[in-house]
Every structure is written in structure tokens, then in C-alpha cells.
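This report describes the fold of one protein chain, from its overall composition to selected residues. Please read it alongside the sequence and coordinates below.

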Amino acid sequence: MTKAQVAQAISTSVELDTPIQRGEQIIDSITLRKPSAGELRGVNLADVLQMQTDALIKLIPRLSSPSLTDKEAGRLDPADLVQCGSEIAGFLLSKRAKGEDA
């Protein structure tokens, strides 16, 4: 696996359909990174894999750059929430489940 492939497996950029306004700043994309076990504390992994809204809203601020607040995560457009949830769920799958060589 090349360094670029490793970096892509560790983080991914998400273009937001509906940008987030933070004061003068407009956030039109966020980078989500693969969580560590500690960052998953207090979140049911089955809920994350099933893309339950509460679990995603709790995780997105922990994994996003620029870091979103809880309120900003809660105000995400539903399409953006699903896109972020898909990326986060993908981080939790094993290489075998993704069909990659281990």
C-alpha cells in the first residue's frame, strides 16, 4: 500500500451540499479521519454502522477538521450527514469486509 493509499484510508474529505456558516467563515468541506478506539467511547458501534443520527452527531465533532461543534453537527443537511456517516462507517470495516487484501 502506498503512502497516498494509507493517508486516504486514514482520512477522507467530504464536500458539503449545504455549507456551514461560522461567523465570517464558510465551511464547504470537512475532512474526517479514522477514529481511535478512545474516540469511540460512549458510542454504540452498531449504531454508527447503521448510521443512527445521534451516534453520528456525537462522532462528527470528534473526527472532523475543521472541528465542527455539536450544534453544527446537529444542523448538518441530511444528505451531508449521510455522506459523513458512510465515510465513518467505512473506517470501521475490516480490510476483509471491504474486499481488500489484508
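Of the 102 residues of the protein chain, 29% count as buried, where buried means under 20% relative accessible area, exposed over 50% and partly exposed in between, with a 1.4 Å probe and protein chains only. The structure is a predicted model, in which local features need pLDDT of at least 70 and side-chain atom pairs count only at pLDDT 80 or more, while totals for chains, interfaces and linings use all residues. Residues are numbered from 1 along each chain as its sequence is written, and side-chain values use heavy atoms, with hydrogens and water left out.

The protein chain exposes about 6400 Å², and carbon and sulfur atoms supply 50% of that area; accessible areas come from the Shrake-Rupley method with a 1.4 Å probe, and for residues only the protein chains shown count as cover. Among contacts between residues at least 6 apart in sequence, 55% join residues at least 24 apart, a contact being heavy atoms within 4.5 Å.

**Secondary structure and sheet**

Six helices and three strands make up the secondary structure of the protein chain. Their pattern along the sequence is α-β-β-α-α-β-α-α-α. Helices (H or I, at least four residues) and strands (E, at least two) are DSSP runs, numbered from the N terminus.

The three strands form an open sheet in the order β1-β2-β3, with antiparallel pairing. Since β1 (11-22) and β3 (64-65) stand at the edges with a single partner strand each, one side of each is left without a neighbour in the sheet. Two strands pair if DSSP finds at least two bridges between them. The antiparallel strands β1 and β2 are joined by eight bridges, and Val 14 has Ile 30 of β2 as its bridge partner. β1 and β2 form a hairpin with two residues between them, and Gly 23 in the turn has a positive phi of about 60 degrees. Strand β2 (residues 25-33) also pairs with β3 in the antiparallel sense, over two bridges; here Leu 32 has Ser 64 of β3 as its bridge partner.

**Helix packing**

Two packed helices are described by the angle between their axes and the distance between the axes. Helix α3 (residues 53-63) packs with helix α5 (residues 78-92) at an angle of about 75 degrees, and their axes are 10 Å apart. That angle makes α3 roughly perpendicular to α5, a label that covers 65 to 115 degrees, whereas angles under 35 degrees count as roughly parallel, over 145 as roughly antiparallel and the rest as oblique. Axes are lines fitted to C-alpha atoms, for helices over the stretch in contact, and angles run from 0 to 180 degrees between N-to-C directions.

On the α3 side, the contact is made by Thr 53, Leu 56, Ile 57, Leu 59, Ile 60 and Leu 63, and on the α5 side by Leu 81, Cys 84, Gly 85 and Ile 88. By class, the contact of α3 with α5 has eight nonpolar, two polar and no charged residues. In this scheme Ala, Val, Leu, Ile, Met, Phe, Trp, Tyr, Cys and Pro count as nonpolar, Asp, Glu, Lys and Arg as charged, and the others, Gly among them, as polar.

The buried residues of α3 are Ala 55, Leu 56, Leu 59, Ile 60, Pro 61 and Leu 63. These residues pack against β2, α2 (45-49), β3, α4 (70-74) and α5. Helix α5 in turn lies across β1 and β2, running at about 155 degrees to β1.

**Selected residues**

Three residues are compared by accessibility below.

| Residue | Relative accessibility | Class |
|---|---|---|
| Arg 41 | 63% | exposed |
| Met 51 | 30% | partly exposed |
| Pro 61 | 12% | buried |

Arg 41 lies in the loop between β2 and α2. The C-alpha atoms of Arg 41 and Leu 59 are 9.6 Å apart, with 18 residues of separation in sequence.

Met 51 belongs to the loop between α2 and α3. Although Met 51 is not a glycine, its phi is positive, at about 55 degrees.

Pro 61 is part of helix α3. Beyond its neighbours within four places in sequence, Pro 61 is in contact with Ser 67, Leu 68, Thr 69, Asp 70 and Ala 73. Pro 61 and Glu 72 are 11 residues apart along the chain, and 8.5 Å separates their C-alpha atoms.

A further proline, Pro 66, is found in the loop between β3 and α4. The peptide bond from Ser 65 to Pro 66 is cis, with omega near 0 degrees.
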